[in-house]
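Visitor: I would like a close look at a single part of this model, followed by its surroundings. Please keep to plain description.

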Amino acid sequence: MIEDIVKRFDPLPVKSKLIIFGGGFSGQHLASACKALGNKVLCSRRQEKSKGADFIFDSKNEELSKKILEDATHVLSCIPPSAEGKDPLLQKVKSQLLNAKNLKWIGYLSTTGVYGDSQGAWVNEKTTPKPKQPRSIRRLSCEKEWLETGLPLQILRLPGIYGPGRSAFESLLIGKNKMIDKPSQVFSRIHVDDIAGAILFLIDLASQGNRQTIINVADNLPTNNMEVLSYAATLVGKTLPKIEPFESASKSMSPIALSFWQENRRVSNELLCNELGYNLIHPDFRFGMKDCFKQLKMN
Ligand SMILES: NC(=O)c1ccc[n+]([C@@H]2O[C@H](COP(=O)([O-])OP(=O)(O)OC[C@H]3O[C@@H](n4cnc5c(N)ncnc54)[C@H](OP(=O)(O)O)[C@@H]3O)[C@@H](O)[C@H]2O)c1
């Protein structure tokens, strides 16, 4: 919950101006947290009528007004790669970013998909990326583009993002959940509160001279999906469908869904949580699902 973030973290320094490109699920959440902390934040969306659109930015259309990045101290990009594997923000705004005189920190939300398939082994920031899926190959190429800018950059590699409105509850409530059994398959995940929390934590640390260029932001417990669904079903009082072996379930999966099941890795948060000292708001899916449930009941 935004309240949890506000309780734990200090606002950005006075006179900070945070610009978030791509105010979707994670971007919007960080914007709300920063606004609740009293910071100046502007968030982009592609369409004027979208929720939380403080300004419009679509890399396929107009140029960005120079005023947006004027006086910006912090920037976060949540925009995924283009179909050609180029970074949409850099394509349009690179020179403005390079000329932004007050810019102290820039964050780029990437994915742990860049590690590829580790067959269930732990991966950390020192693991050589071996992306297999075309979207992860495109992502790694965007990370490189960002690194080459020389900007004060932090790349946050994220596993599956969940939170209120985007969790196992939504599929359970519409009866679309599937109990797919693929022995030893796990997925790493992160609650959206911890994306916002980690960003505030990392910005503060960077201001003290400690800025890791690449950092995994994941919770403590990579888990099988059936465990998460079973836990959610218990909380919400729903019965689960029969368990279906992966071999049969995979026949009706979309190519994108199938691609997620073709990779198995445990994402380590050692650097963020043990070395740097970030305390997760939701250390594992049980804490996170309880939070989603609380907010489900409130709506
Ligand atoms: N979802 C996951 O489980 C997951 C896991 C790992 C990493 N990631 C990555 O982490 C980032 C944040 O994830 P999320 O789920 O919070 O993202 P999201 O909700 O899908 O939001 C993406 C944002 O990017 C904007 N956008 C997309 N293409 C654009 C373009 N060409 N020009 C300008 N804006 C554009 C969207 O604009 P509109 O608001 O107008 O739609 C949206 O605000 C994304 O890059 C995502 O790929 C996601």
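Visitor: How many residues does helix α5 have, and how far does it reach from its first C-alpha to its last?

Guide: Two points on reading come first. This is a predicted model, in which local features need pLDDT of at least 70, side-chain atom pairs count only at pLDDT 80 or more, and totals for chains, interfaces and linings use all residues. Residues are numbered from 1 along each chain as its sequence is written.

Helix α5 covers residues 134-148, which makes 15 residues, and reaches 21 Å from its first C-alpha to its last. That is close to the 21 Å expected at 1.5 Å a residue; the expected span is 1.5 Å times one less than the number of residues. Helices (H or I, at least four residues) and strands (E, at least two) are DSSP runs, numbered from the N terminus.

The buried residues of α5 are Ser136, Arg138, Arg139, Leu140, Cys142, Glu143 and Trp146. A residue is buried if 20 or more other C-beta atoms lie within 10 Å of its own, exposed if 12 or fewer, and partly exposed in between, with C-beta atoms placed from the backbone. The buried residues of α5 pack against α4 (88-98), β5 (105-111) and β7 (153-158). The contact criterion is C-beta atoms, placed from the backbone, within 7 Å. Just after the helix, glycine 150 has a positive phi of about 75°.

Isoleucine 79 sits in the loop between β4 (74-77) and α4. It counts as buried because 23 other C-beta atoms lie within 10 Å. Leaving out residues up to four places away in sequence, isoleucine 79 touches Phe21, Gly22, Pro88 and Leu89.

Glutamate 125 is partly exposed, because 16 other C-beta atoms lie within 10 Å. Its contacts, apart from neighbours within four places in sequence, are Ile214, Ile215, Asn216 and Leu271. Isoleucine 215 is 90 residues from glutamate 125 in sequence but 6.3 Å from it in space, C-alpha to C-alpha.

The loop between β5 and β6 contains glutamine 119. Its phi is near 55°, a positive value in a residue other than glycine. Most residues other than glycine have a negative phi. Glutamine 119 counts as exposed because it has 9 C-beta neighbours inside 10 Å. Serine 184, in the loop between β9 (179-181) and β10 (189-191), also is not a glycine and has a positive phi of about 65°. Serine 184 has 8 C-beta neighbours inside 10 Å and so counts as exposed.

β5, against which α5 packs, is also among the elements that give two or more residues to the shell around the ligand; the others are α2 (25-36) and β8 (160-162). Of the 23 residues around the ligand, Gly22, Gly24, Phe25, Ser26 and Arg46 come nearest; a residue is near if its C-beta atom, placed from the backbone, lies within 6 Å of the molecule. The largest share, three residues, comes from α2.

Isoleucine 195 touches Ser26, His29, Leu30, Leu158, Ile161, Ile190 and Val217, not counting residues up to four places away in sequence.

Terms used:
Contact = placed C-beta atoms within 7 Å.
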